[in-house]
Amino acid sequence: AEVMLDVGGQDADEFFEDIGHSNDAREELEKHLVGVLKMDEEEKKRRAAAAAQAAAGGGGGGANVLLIAAVLLAVGFGYYKTQMASDAE
């Protein structure tokens with residue numbers, strides 16, 4: 001539902017396909033079809049280029065997760081080592 005709020009009033013075809021909906025969802029979609037957006041060739045090309053650019057740049061999120069996990073692991077290891085050192089004294 002959050003995605004629907006984010007793309008409300010816009011062409012959401014790409015978002016619908018990215019999620020990988022079931023056949024049941026596709027049948028439900030047919031019940032709620034309001035209309036078909038008519039675009040000229042220039043608009044189709046512009047949207048295809050924007051979608052290709054978004055797909056090419058969309059893989060960077062995983063690196064951030066790994067970086068955060070590495071930092072948390074380093075902090076946890078540092079804390080562990082300081083506790084072990086204080087216990088030894």
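The largest pocket in this predicted model holds about 1200 Å³ of space. Of the 30 residues lining the largest pocket, Q10, D11, A12, D13 and F16 sit closest to its centre. Four helices, α1 (2-6), α2 (13-19), α3 (23-31) and α4 (41-56), each put at least two residues into that lining, and α2 gives the largest share, with 6 residues. Sorted by class, the lining has 18 nonpolar, 6 polar and 6 charged residues.

As for the fold, there are 5 helices and 0 strands, so reading along the sequence gives α-α-α-α-α, with helices counted as DSSP runs of at least four residues. The accessible surface comes to about 8000 Å², and carbon and sulfur atoms make up 60% of it.

Now for the charged pairs: the whole structure has 4 salt bridges, including these.

| Pair | N to O distance |
|---|---|
| E28 and K31 | 3.4 Å |
| E41 and K44 | 3.7 Å |
| R46 and E43 | 2.6 Å |

R46 and E43 also belong to one network with R47, joined by salt bridges that share partners. Along helix α4, R46 and E43 are 3 residues apart, which means about one helical turn separates them. E41 and K44 have that spacing in α4 too, 3 residues or about one turn, and E28 and K31 are likewise 3 residues apart in α3.

How exposed are the partners? E28 is partly exposed because its relative accessibility is 36%, while K31, at 63%, counts as exposed.

Notes: Residues are numbered from 1 along each chain as its sequence is written. This is a predicted model: local features need pLDDT of at least 70, side-chain atom pairs count only at pLDDT 80 or more; totals for chains, interfaces and linings use all residues. Side-chain values use heavy atoms; hydrogens and water are left out. On a 1 Å grid over the protein atoms alone, a cavity is a set of points where a 1.4 Å probe fits but cannot get out, and a pocket is an open set with protein on both sides within 12 Å along at least five of seven lines; lining residues have an atom within 4 Å of a point. Grid points are joined across faces, edges and corners, and a volume is the space filled by probe spheres set on the points. Ala, Val, Leu, Ile, Met, Phe, Trp, Tyr, Cys and Pro count as nonpolar, Asp, Glu, Lys and Arg as charged, and the others, Gly among them, as polar. Accessible areas come from the Shrake-Rupley method with a 1.4 Å probe; for residues, only the protein chains shown count as cover. A salt bridge is a side-chain nitrogen of Lys or Arg within 4 Å of a carboxyl oxygen of Asp or Glu. Buried means under 20% relative accessible area, exposed over 50%, partly exposed in between (1.4 Å probe, protein chains only).
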